[in-house]
Amino acid sequence: MDIKQAAINRREDWELGPLAPKRDVGSKKDTYGTIDGQRLRGPALPTKEREAIMKMWGGTYYLNIAKGDRMVILEGRDKGRIGTIGNIDEDRCEVTLEGLNMIDVEVPKWMQVADETDQRPVRSVEQPVSLKHVRLVAPLKTKGQDIRDVIIKEIGTSHFIEDRDRMKLEHRRFIAGTHTEIPWPLKEDEDIKDQPGDTLRLDVEVRTFVPTLLRPPMPLSVIDELRNRFSKFRTRHDPEYIEAKMQEDREKQAKKAQIKEMETPLKALHKQEQRLRRKMAKKQILSPKMLTKIGAILEERERLGKALEQVQKGLLVEA
C-alpha cells in the first residue's frame with residue numbers, strides 16, 4: 001500500500017464522511033489495509049544514531065539483552081503489554097516481540113504454498129519495535145521474598161568472565177546502582193535428530209587399532225600421503241611432481257649452456273685470472289721475515305699509544 005496515497009484517502013474519507021467512497025473493492029478487495037512486506041523493517045540507521053540508541057543497552061559489545069528476554073512496550077497500541085524477544089536487529093536497533101505489534105502484510109501469489117490450509121493473501125506478523133520504545137522486564141525478589149516483574153530503567157554491565165564449563169566468554173548484567181543481578185534467559189537444549197548418514201555409536205566404540213612397538217603406527221605410504229607433497233622428508237613423490245622437477249633441472253642446464261656460448265674471449269680471460277688469484281691466495285704463506293716486520297709494526301703502535309696516554313695525563317695535571 002502506498003503510504004502517501006493512503007494519507008490522501010484518509011483525508012478524503014474524513015472530509016466526505018458518509019459520502020466517502022467504498023475502497024475495499026476490485027483487485028485490492030482481499031488485501032485492502034495491508035502493507036508491503038518490504039516496509040516491515042525500517043531502514044538501517046546511521047552510525048552515530050545507532051550508537052546513541054545502543055548505548056543505553058550496553059553497546060554492541062556488551063549487549064545487555066538476548067533472545068528470550070521479556071520486554072514491555074512504552075508507546076503505540078500495545079503500550080504496557082509484555083512480550084518475549086524473538087529477534088534482535090542491531091543495524092536498525094529494533095526487536096521483534098512475539099505476539100505484539102501485529103500488522104497485516106500482503107503475501108504475493110508466488111509465495112503462497114498450495115499445501116497450506118490458509119490460502120488468504122494476507123498474513124499477520126510481528127512488526128519490529130525500536131529499542132527506544134521498550135524496556136526490559138525481569139522477575140526479581142521483593143523484600144517479602146515474593147517474585148514479581150520489575151521494569152528496569154537502566155542496566156549495568158560487568159566485564160567478560162570465562163565460563164570454562166561451556167568454553168565461552170560472557171558478562172553479567174545488573175540493575176544500575178545496585179548489586180542485583182539480572183539473570184539471562186534460559187536457553188533450550190537443541191533438539192538434535194538422527195540422520196540416515198550418521199555414524200552409529202556401536203561403530204564408533206569398535207576398537208580398530210591396537211598400538212604396539214613391533215611396527216610403526218601406520219604404513220609409510222600413509223605417512224607420505226599425510227605429509228606435504230613438497231616436503232623434503234617425503235620418500236615417495238607423484239610422477240607428475242618428479243617430472244616437473246626434472247624439467248626444471250633441464251631448463252637450468254640449458255640456460256647455463258646458453259650463457260657459456262655467449263661468453264666473450266675477454267670475459268673468459270677475466271675468469272681465468274680470477275681463478276688463478278684464488279689459487280695463489282690459498283697457497284700464500286707468511287714468511288718469517290714478514291712475521292718479524294708485522295711484529296715490529298705492532299710494537300711501535302703500542303709504544304706510541306702509551307706515550308700519547310702519558311702526555312694526556314700530564315696536561316690534565318697542569319690544568
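**Entry 1: a loop residue**

I began at Cys93, which sits in the loop between strand 2 (82-89) and strand 3 (94-97). The model I am reading is a predicted one. I looked up the backbone of Cys93 and found a positive phi of about 55°, although the residue is not a glycine. Most residues other than glycine have a negative phi, so I noted the value.

I went on to Asn101, in the loop between strand 3 and strand 4 (102-106). Asn101 is a residue other than glycine, and its phi is positive, near 55°. Asn101 has a relative accessible area of 16%. Buried means under 20%, so I put Asn101 down as buried.

I read an open sheet of six strands in the order 6-3-2-1-7-8, with antiparallel pairing. Which strands stand at the edges? They are strand 6 (129-130) and strand 8, each with a single partner strand, so one side of each is left without a neighbour in the sheet.

I checked two of the pairings. Strand 1 (residues 70-73) pairs with strand 2 in the antiparallel sense, over three bridges. Met71 has Gly83, in strand 2, as its bridge partner. Strand 7 (residues 134-141) runs antiparallel to strand 8 (residues 147-152), and six bridges join them. Here the bridge partner of Lys141 is Ile147, in strand 8.

Strands 7 and 8 form a hairpin, with five residues between the strands. I looked up Gln145 in this hairpin and found a positive phi near 65°.

I found an open sheet of three strands with the order 9-12-13, and the pairing is antiparallel. Strand 9 (155-157) and strand 13 (181-182) are its edges; each has a single partner strand, so one side of each is left without a neighbour in the sheet. Strand 12 (residues 173-175) and strand 13 run antiparallel and are joined by two bridges. I noted that Arg173 has Ile182, in strand 13, as its bridge partner.

**Entry 2: a helix residue**

I moved to helix 5 (residues 239-261), where Ala254 lies. Ala254 has 48% relative accessibility, so it counts as partly exposed. How far apart are Ala254 and Leu291? I read 37 residues in sequence and 50 Å in space, C-alpha to C-alpha.

**Entry 3: the whole chain**

Last, I looked up values for the whole protein. Its secondary structure comes to seven helices and 13 strands. The radius of gyration is 43 Å, well over the 20 Å that the globule rule gives for 319 residues, so the protein is more spread out than a compact globule. Along the principal axes, the C-alpha atoms fill a box of roughly 130 × 80 × 60 Å.

Buried residues make up 17% of the 319 residues. The protein exposes about 27100 Å², and carbon and sulfur atoms supply 55% of that area. Of the contacts between residues at least 6 apart in sequence, 47% join residues at least 24 apart.

Conventions: Residues numbered from 1 in each chain as written. Predicted model: local features only at pLDDT ≥ 70, side-chain atom pairs only at ≥ 80, totals over all residues. Heavy atoms only, no water. Helix = DSSP H or I, 4+ residues; strand = E, 2+ residues; numbered from the N terminus. Rg over C-alpha atoms; globule rule 2.2 N^0.38 Å. Buried < 20%, exposed > 50% of the residue type's maximum accessible area, 1.4 Å probe, protein only. Contact = heavy atoms within 4.5 Å. Areas by Shrake-Rupley, 256 points an atom, 1.4 Å probe, with all protein chains shown as cover. Pairing = 2+ DSSP bridges.
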